[in-house]
Amino acid sequence: MDTRQEGIAVEERDNTMSAVEPDKPESESVLSEEELNETIVQLCRSKAEEFRLIGYEQVTGEDVWECVSDKYHKKGVPPLYEIVNDILSLKVTQFMNFITLNMYRGEFRK
């Protein structure tokens, strides 16, 4: 699959995603694991900021990641595009259900 958007192409090979700039050789434009992790951290922080804007003042990016990654323990880590979708589509109700259940279980750190 090759999708072009704003000069960046996203290619999928062997169930892995890599961002490729059209004018650069592939070896120069593949994101490292550290860059991918930083991108995920930024997405989680962004979602936490969104929650804070609507009144959930105590939410952090780490809390968002705990909620999103909870289901990955059972079925394994999905491809990057699924992780991004899970973060960006997280609703406050899903997050609050996760927090409430973990508080009852005594597993939430706050």
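Student: How far apart are Lys 47 and Glu 50 in helix H2?

Tutor: An α-helix has 3.6 residues a turn, so residues three or four places apart point the same way. Lys 47 and Glu 50 are three residues apart in helix H2, a separation of about one helical turn. Helices here are DSSP runs (H or I, at least four residues), numbered from the N terminus. The model is predicted: local features need pLDDT of at least 70, side-chain atom pairs count only at pLDDT 80 or more, and totals for chains, interfaces and linings use all residues. Residues are numbered from 1 along each chain as its sequence is written, and side-chain values use heavy atoms, with hydrogens and water left out.

Student: What does Lys 47 form with Glu 50?

Tutor: A salt bridge is a side-chain nitrogen of Lys or Arg within 4 Å of a carboxyl oxygen of Asp or Glu. Between Lys 47 and Glu 50 the closest N and O atoms are 3.2 Å apart, which forms such a bridge.

Student: Is Lys 47 buried or exposed?

Tutor: Buried means under 20% relative accessible area, exposed over 50%, and partly exposed in between (1.4 Å probe, protein chains only). Lys 47 is buried at 4%, whereas Glu 50 is partly exposed at 39%.

Student: How many salt bridges does this rule count?

Tutor: The count comes to three. One of them joins Glu 49 and Arg 52 at 2.9 Å, N to O; both residues lie in helix H2, three residues apart.

Student: Which parts does the pair of Asp 86 and Lys 71 tie together?

Tutor: Asp 86 and Lys 71 meet in a salt bridge at 3.4 Å, N to O. Asp 86 lies in helix H5 and Lys 71 in the loop between H3 and H4, so the pair ties together parts 15 residues apart in sequence.

How values were computed. Helix = DSSP H or I, 4+ residues; strand = E, 2+ residues; numbered from the N terminus.
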